[in-house]
Amino acid sequence: MTNDRQRQEKADTAPVDAVACTGLAYTFGETRAVHGLDLSVAEGEVFGLLGPNGAGKTTAIRCITTLLPVPAGMVGVFGHDTAGDRMAVRRLLGYVPQQLSADAGLTGRENVALFARVFDVPRRERGARVGQALAAVDLTDAADRLAGTYSGGMVRRLELAQALVSAPRLLILDEPTIGLDPIARTGVWEHINAVRAATGMTVLVTTHYMDEADQYCDRVGLMHRGRIRALGTPAELRRGLAERRGTDTLPSLEDVFRDVAGSGLDDTSGDFRDVRSTRRTAHRVG
Amino acid sequence: MSEAPAAPPTASADRADGIDLLLRPPRPRAGWRLLPARVVAMCAVELQKLRHDRTELYTRAVQPALWLLIFGQTFSRIRAIPTGGIPYVDYLAPGIIAQSAMFIAIFYGIQIIWERDAGILNKLLVTPTPRSAVITGKAFAAGVKALIQAVVVIVIATLLGVALTWNPLKLLGVAAIVVLASAFFSCLSMTIAGVVLSRDRLMGIGQAITMPLFFGSNALYPVSIMPGWLRAVSRFNPLSYQVDALRGLLLGTHAHIALDLGVLVVAAALGIAAASSVLGRLAR
């Protein structure tokens, strides 16, 4: 009895991982998109999932966001299993998919208000909450313009506001800066960082821009062919490679990636569908 | 496309003060209140979109106007179709309301595939909204859009001299019938979308089913003059029940309103169940 209580108290006080994947696997027909992924993201960190097109990043994200069904015990979000406790998981998530997903036929404010409604924000609070989310991404002045008139960077920030309006504990961003010019990319990251600093939320981001991951992520997982090949802070990974090579010059994260992925990277980087989807997003961003 | 460099965000006091609501997750709605809340949310989006861009409203008014103006007036003169003593254009008006509502609803499958491609659907499916609520929301949004279209057709018909009822209770009944039937047809289209998964295939199938649904109903002519096989088709066609109820309510002709309403409620419920069950395929 006492042991049970002690165990329970320990469980209550032990930090729960924001994301915990254990042997996550997902197959599309004959293609093994994710193949034994083990991953834990601690609460409050910015974790980057890195890899080329087709590495399995987006599939992993779709499993974590409950979009793809996985067996019980494979994916947990703040201790809730995505197989059995889907609604509880979704209430904790803010999700920005790779495509530009704001509705061009609605104003910025209406786009955010829709997400306030579907997360059950009461009417008396909705206006103020939507206003705060728009202000947090510097879109107050453009809030009543149609999203179709926004630039690529503004759309991304609007999507960030849509995700923030429900006060998520875990913000998941799939390639948030794809196709953006360098200034807009910096703008998006600065807003992600400011929001994270103010709210303390956990951020899980996928990207294939190694420089961004190096600069903005606390920890990264390098993913290749459905598995994590290296895991650590960007500095740790770079130092590790320098030690293995016995050099003093610190290699880049891209060098680390080439090292762990081996040869043949270019041949496996995404199928036709991946490339089409990526190019379409890049084209829409302009 | 580039944007003006954003000023680096600062951790100033006013910013820190301005995010207090974003630190507090909203309290979940209790079970039974969730579905109506999601339906209202999706209907609101549909109305907001229509408010910003009314082009669709105007362009979609052209076809029903042509049907009533050309087909209706011509056949009124020919008197080839037995209408039970009322002018043919009057007889036709409820059929054209049903037809234009169906044409709107049948596009929802294409819309949901477009939303899938744009990432909008995935984002919605990651919110605390059960799949059946996503589909019910879309189904009723189709109903709201069809209702606005129905008002347009009623105005056109009135301008052409059709004597429709102005009894508010009957008009409320008309609204219910239009919403239910549109919910069914939008779900039929979204179910096919969930099966075929591509816009091109869906457009082909949509074309192939809308005309048979229209001609295999009592929208243009009474069931009594149909050949036996078409009469059998008409019995399984929800459009026939919709037209029968609309005619009864708007023109006061003999109709089986309770049966019509029952069939449409069951059809809409089955449609919602079918479309919800295949929605997961679109998310993959």
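A:Leu24 stands opposite A:Leu37, a residue of strand 2 of chain A. The model is a predicted one.

## A six-stranded sheet in chain A

Chain A also holds an open sheet of six strands. Here the order is 6-7-8-3-9-10, and the pairing is mixed. Strand 6 and strand 10 of chain A sit at the edges, each pairing on one side only. On average, neighbouring strands of this sheet are turned by 15 degrees against each other, direction ignored.

Strands of a sheet pair through backbone hydrogen bonds, either parallel or antiparallel. Strand 9 of chain A takes part in both kinds of pairing: parallel with strand 3 and antiparallel with strand 10.

## Strand 9 and its partners

Strand 9 (residues 219–224) of chain A is mostly covered. Five of its six residues are buried. Towards strand 3 (residues 46–50) of chain A, strand 9 makes four bridges. In this pairing A:Leu49 stands opposite A:Gly221.

Towards strand 10 (residues 227–232) of chain A, strand 9 makes five bridges. A:Val220 stands opposite A:Gly232 there. A:Gly221 stands opposite A:Leu231. Strands 9 and 10 of chain A form a hairpin, with two residues between them. A:Arg225 lies in the turn and has a positive phi of about 50 degrees.

Helix 2 (residues 57–64) of chain A lies across strand 3, strand 7 (170–174), strand 8 (202–207) and strand 9 of chain A. Helix 2 of chain A runs at about 150 degrees to strand 7 of chain A.

## Chain B: helices without strands

Chain B has 12 helices and zero strands. Read along the sequence, its pattern is α-α-α-α-α-α-α-α-α-α-α-α. The C-alpha trace of chain B spans about 80 × 40 × 35 Å along its principal axes.

Chain B has 284 residues, and 42% of them are buried. Take the contacts in chain B between residues at least 6 apart in sequence. Of these, 79% join residues at least 24 apart.

## Helix 2 of chain B

Helix 2 (residues 31–52) of chain B has 22 residues. From its first C-alpha to its last it reaches 33 Å. That is close to the 32 Å expected at 1.5 Å a residue. Its buried residues are B:Arg38, B:Ala41, B:Met42, B:Cys43 and B:Val45.

Is B:Trp32 buried or exposed? B:Trp32 is exposed, because 7 other C-beta atoms lie within 10 Å, and a residue with 12 or fewer counts as exposed. The C-alpha atoms of B:Trp32 and B:Phe215 are separated by 40 Å. Along the chain these two residues are 183 residues apart.

## Where the chains meet

The contact takes 52 residues from chain A and 40 residues from chain B. Several elements of chain A supply at least two residues each to the side that touches chain B. They are helix 3 (86–92), strand 6 (93–96), helix 4 (108–118), helix 5 (123–136), helix 6 (152–164) and helix 7 (182–199). Helix 7 of chain A gives the most, with nine residues. By class, this side of chain A has 26 nonpolar, 15 polar and 11 charged residues.

## The largest nonpolar core

Which residues touch the most other members of the largest nonpolar core? They are A:Val19, A:Ala161, A:Leu170, B:Ala101 and B:Phe184. The core has 162 residues. Helix 8 (residues 168–196) of chain B gives the most to this core, with 14 residues.

B:Ala101 has a set of contacts of its own. Leaving out residues up to four places away in sequence, B:Ala101 touches B:Ala146, B:Gln149, B:Ala150, B:Val178, B:Ala181 and B:Ser182.

Terms used: Residues numbered from 1 in each chain as written. Chains lettered and ligands numbered in written order. Predicted model: local features only at pLDDT ≥ 70, side-chain atom pairs only at ≥ 80, totals over all residues. Contact = placed C-beta atoms within 7 Å. Nonpolar A, V, L, I, M, F, W, Y, C, P; charged D, E, K, R; others polar. Core = buried A, V, L, I, M, F, W, Y, C linked by C-beta atoms within 7 Å. Buried ≥ 20, exposed ≤ 12 C-beta atoms within 10 Å, placed from the backbone. Pairing = 2+ DSSP bridges. Expected span 1.5 Å × (residues − 1). Axes fitted to C-alpha atoms, helices over the stretch in contact; angles between N-to-C directions.
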